[in-house]
Amino acid sequence: MDYKEYRELLLQYRELDKTPFDPKETMEDVIGKLIHISSEKKRIKTACNEIIEEYIKKYEKSPELLDSDSEKMLKDFLSTLVGEVGDTPIAFLISKLFLKYYRDTGDKERTIIMLEYCSVFDIIIKEHLDDYAGSEYPRMAEKYMEDFDSLSEQAKRSLFNSLMLGVVNRKDMTYGLRKYKEIKSWVKSINWPEGKEFIDIQFARCRENALGFTLEALRREEYAKKKGEKVSESEYFIDIEKEAPFIEELMRFTEETLESENSQKTITDRVVAGLYCVQAAYHLGKITMEELLKKIDEYSEQREDYSAAEKCSALFTANAYYIDYLCKCSDYDQKYVLDKSSEIVDKVLAGAKNMEEYLGNYQTNYCVLMLVNSASAVINFDAFKTTVLKSTVYANKALYVHTMMVKELCFVLLDYILEHDPKYFDNVAGHTWEEFRDNHDEAKELMEKCALFHDIGKYFCLDYVSNSSRNLTDDEFEVIKDHPANFLKIYQGKMSREVECVHDCALLHHLWYNETRGYPNGGRHTYNKPYVNIISVADSIDAATDNIGRPYGQGKNLDDMIEEFDSMKDTRYSGYICDILSEGEVREKFEYILNTRRKEIYFDIYTSY
Ligand SMILES: [Fe+2]
Ligand SMILES: [Fe+2]
């Protein structure tokens, strides 16, 4: 496929993706469209990725081949990727190639511009990692600060942007503040009258980033204190006494920007900036918790002059903060916190239902996550379950379908074993096998929870999981590898034996049965292994056979899968479970779920929400 063909496909894809689902359409129509879109998406992305990777390999070996034509083409790709396809790792690849090329050829201007690109992509990709210690690119950009006066207007802007991205650092929050201070004093030393307005706007953004990270750290600190943990040893520690003047300064400037007439902010930006200001006021002791919550609530209002997306953003963002402060920082009694949190979760999810167009993007995933995360600290496990499920429907339909499919497949295996060999379940979730034999409903209920939560950690990396049509890059894989362990980050309530079983299924479902491969490295001893084994098999079967929703699903059939499982008995999968797959009744039920139920679940979800 050449460049022109690629462009045409891309246009087609855009049209297709915009087509709304009509609730009156038949199941065949809906499924047909889904298959079409996912196969087009896959085709386009794969073609595009292949072309680029080919070019990049070629130029890395012989940089002299990068003539102005191919340079233009790659740049074109880059802007299309950023704007339309959003495949960050590929865009990052191109930027890195350009960066290397321009540096080697001594093109200072363009090097600086590429440093900006690389900084942005690096942050988008790595920021998911909780110990993200900043990007190397802003640090590389610092070397050009001395040359500032000699740069073109565009390069000046790029340099400025890269430097400011240096404040993003999850591992060391005070680093961000220090960078902010450094840039602030440097700005005084430069002479750039043409850039005054640009500096004001970008600097306001930089301050907000720094403020946002600081607040996040302060919230963590308060929660840690509440739980009786030693705060000063935490890596997120910010000395509020010492940093108060700076936090105050950040807050004051953010307030000023909000009030100034010509600030070019969108409503969404203004809501976020406003929320930061009231939170900072609280941490600085200027307002009480009660006042803070009241103010946050005001920001969640869905005003008439807001667009649907803005309403959604205000609703999600403000309430996510509301619930976080309420649950983690306030002194209200448990009962009040519990009632209020449930009320807010319901309010947010009800509101989300009418704002389809805004859902599914990163901001929403993040807010849902925050909401669920905070709610889990106080809400009981059943309420948590409802919240997670509802949120998944809104935030990522493919994940929801996968979850439901895994649940149904697990039920078949569970039923079969309960019927033929209940002893298999001895000691699962603290129950004896006789208890399982005598109470199938309870066993099923537990299985359901394990299935529903096994991928909950994907909220941290949804944008990758749902967007890829190629092999994962190392960075992406690092992020994905975190998803089994993320259950603990999300569920912060007290662990009963039951929750422990759910946790083990989430944690261990990608680890090989013999624990030699997969992730996370090294298992943990658990009596819940029978449930983990079931989830692990059901999970792989759904993932490998789905040809509807997964843009890179291989769409294998069950027979192929069973053959594959046979070769991985007692290595990747439990041989015991693999053998059950070949039983006639199990196989029949699996065929039905994979061929008929999957379509029904997709149909339901795409037509009713
Ligand atoms: Fe998974
Ligand atoms: Fe899964």
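The buried residues of helix H11 pack against helix H9 (196-226), helix H10 (240-259), helix H12 (289-299) and helix H13. Packing here is judged by contacts, where two residues are in contact if their C-beta atoms, placed from the backbone, lie within 7 Å. A residue is buried if 20 or more other C-beta atoms lie within 10 Å of its own, exposed if 12 or fewer, and partly exposed in between, with C-beta atoms placed from the backbone. Helices (H or I, at least four residues) and strands (E, at least two) are DSSP runs, numbered from the N terminus.

This is a predicted model, in which local features need pLDDT of at least 70 and side-chain atom pairs count only at pLDDT 80 or more, while totals for chains, interfaces and linings use all residues. Residues are numbered from 1 along each chain as its sequence is written, and chains are lettered from A and ligands numbered from 1 in the order in which they are written.

**Helix H11 and its surroundings**

H11 covers residues 267-283. Its 17 residues reach 24 Å from the first C-alpha to the last, close to the 24 Å expected at 1.5 Å a residue; the expected span is 1.5 Å times one less than the number of residues. The buried residues of H11 are Val271, Val272, Ala273, Leu275, Tyr276, Cys277, Val278, Gln279, Ala280, Tyr282 and His283. After H11 comes Gly285, with a positive phi near 80°.

One of the helices that H11 packs against is H10, and Ile247 is found in H10. Ile247 counts as buried because it has 21 C-beta neighbours inside 10 Å. Leaving out residues up to four places away in sequence, Ile247 touches Thr214, Ala280 and Leu284. Ile247 and Ala210 are 37 residues apart in sequence, and their C-alpha atoms are 9.0 Å apart in space.

**The chain and its cores**

The chain has 27 helices and zero strands. Of its 609 residues, 40% count as buried. Among contacts with a separation of 6 or more, 70% join residues 24 or more positions apart.

A nonpolar core is a set of buried Ala, Val, Leu, Ile, Met, Phe, Trp, Tyr and Cys residues joined through C-beta atoms within 7 Å. The largest has 78 residues, and Ile94 and Tyr322 have the most contacts inside it. Helix H13 (residues 308-328) gives the most to this core, with twelve residues. Tyr322 touches Leu293, Ile296, Asp297, Ser300 and Ile344, not counting residues up to four places away in sequence. A second, separate core of 57 residues includes Val30, Phe436, Phe487 and Tyr531.

**A helix pair**

Two packed helices are described by the angle between their axes and the distance between the axes. The axes of helix H19 (residues 440-453) and helix H23 (residues 497-508) come within 8 Å and cross at roughly 40°. Axes are lines fitted to C-alpha atoms, for helices over the stretch in contact, and angles run from 0 to 180 degrees between N-to-C directions. H19 and H23 are therefore oblique to each other; angles under 35 degrees count as roughly parallel, over 145 as roughly antiparallel, 65 to 115 as roughly perpendicular and the rest as oblique. The contact is made by Leu446, Lys449, Cys450 and Phe453 of H19 and by Glu498, Cys501, Val502, Cys505 and Ala506 of H23.

H7 is mostly covered, with ten of its 13 residues buried. The C-alpha atoms of Ser150 and Glu109 are separated by 9.7 Å, although these residues are 41 apart along the chain.

| Residue | C-beta neighbours inside 10 Å | Class |
|---|---|---|
| Ser150 | 11 | exposed |
| Asn427 | 15 | partly exposed |
| Asp570 | 12 | exposed |

Asn427 lies between helix H17 (397-420) and helix H18 (433-438), and its phi is positive, near 75°, in a residue other than glycine. Asp570 is in the loop between helix H25 (558-566) and helix H26 (575-581); its phi, near 60°, is also a positive value in a residue other than glycine. Another loop, between H23 and helix H24 (529-545), holds Pro520. The peptide bond from Tyr519 to Pro520 is cis, with omega near -10°.
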